[in-house]
Every structure is written in C-alpha cells, then in structure tokens.
Amino acid sequence: MLIHGGGEDLMGSGGSPKVSVDLGELRMFADVLKADVDRGLRPGVAKADQELQNGLRFGAHTVGGEVIASRQLVAMALNRAKANGARQVEAADVLAQAMQQVLENYSNADTHSAGQIDAIEKTLLDAIVRAKLILPSVTEPHRSEIA
C-alpha cells in the first residue's frame, strides 16, 4: 500500500493519525501522476478550452425562447466544465507537489527525527485538505445558476 493510516481515517477523528509510506510506490505514483497531468489532463483541458473560445454556434440567429434558454443552459454547463477542468488540474498539481515534497523530506530526513516525520505527515494531510477544498462536492448547477 502506498500510504496507510494505521486503521484510522487519514483526516483524523480527533487523534493524530500515523502514516507509513512505501517510498518506492510513492515515487512511482508521483511520477505517473505528474506524467498524466502533464501529458494528458493539462493539455486536454487546454485543448477543450481552446475549442470553446468561439462560443456556442447553434441557434445564434434564432429568436425562439426555447433555443435561447437552451443556449444559456449549454453556456452555463460549458463554463462549469471549464472551471471544473481547471480545478482538477490545480488539485492534481497540489497532490503531485506534495508527493514530491514528501519524497524530498524522506530523502533528507533522519528516520529517527520525529520533527521531520511530523512535517511529512502534515504536508500530506494539508494537501488532501487543500485538494478537497479545490474540488467542489456538488457537480450539478445550483438553482440560482439556472434562473
């Protein structure tokens, strides 16, 4: 297992969770995540954003209310998709940077130094919290966005 919380929830339930890390797996996972973000997610989001720069083309010269309403809903959905894509890239970057920091900390740390181990655990836990804050838990538009 890459990261194990010793049977406790990594986010904790009042106590301080203990984290054990397999550095080989973490390094491999960090490399795969970085490659996926750099070669897949980031270019894909940028390409989608570029393709949407021209805006919506359907019903541009139609005065019918249903078509106008449809264009507004599609525009709103596309804007939300663009924002979600940007958040996914940002969250993946946060996690990749945290993993890199953990690897550097472990490489430089004295395994008997409780201070370094605490910093490593804090880096991981802070990254998880930050990534969760970046990614919205609700993917459907709010009523106020549809009106």
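**Salt bridges and cores in a predicted model**

By salt bridge I mean a side-chain nitrogen of Lys or Arg within 4 Å of a carboxyl oxygen of Asp or Glu. These two are 4 residues apart in helix 3, so about one helical turn separates Asp-126 from Lys-122. Asp-126 is partly exposed, at 34% relative accessibility; on that scale, buried is under 20% relative accessible area, exposed is over 50%, and partly exposed is in between, with a 1.4 Å probe and protein chains only.

Before I go on, the ground rules. This is a predicted model, where local features need pLDDT of at least 70, side-chain atom pairs count only at pLDDT 80 or more, and totals for chains, interfaces and linings use all residues. Residues are numbered from 1 along each chain as its sequence is written, and side-chain values use heavy atoms, with hydrogens and water left out.

How many salt bridges does a search of the whole structure find? It's 5. Another one is Arg-42 with Asp-93, at 2.7 Å between the closest N and O atoms. That pair ties together distant parts of the chain, with Arg-42 in helix 1 and Asp-93 in helix 2, 51 residues apart. Helices here are DSSP runs (H or I, at least four residues), strands are too (E, at least two), and both are numbered from the N terminus. Arg-42 is partly exposed at 32%, and Asp-93 is partly exposed as well, at 21%.

Then there's Lys-82 and Asp-49, meeting at 3.1 Å, N to O. Again distant parts get linked: Lys-82 is in helix 2, Asp-49 in helix 1, 33 residues apart.

Now the greasy bits. A nonpolar core is a set of buried Ala, Val, Leu, Ile, Met, Phe, Trp, Tyr and Cys residues joined through side-chain atoms within 4.5 Å. The largest one has 13 residues, and Val-21, Leu-26, Leu-33, Met-99, Val-102 and Leu-124 touch the most other members. Helix 1 (23-51), helix 2 (65-108) and helix 3 (114-134) each give two or more residues to this core. Which helix gives the largest share? That's helix 2, with 5 residues. Apart from that core lies another, of 6 residues, including Ala-91, Val-94 and Ile-134.

Last thing, confidence. The chain averages a pLDDT of 77, with 72% of residues scoring at least 70; pLDDT is the predictor's confidence in each residue, from 0 to 100. Helix 1 is highest at 88, and strand 1 (residues 3-4) is lowest, at a mean of 53.
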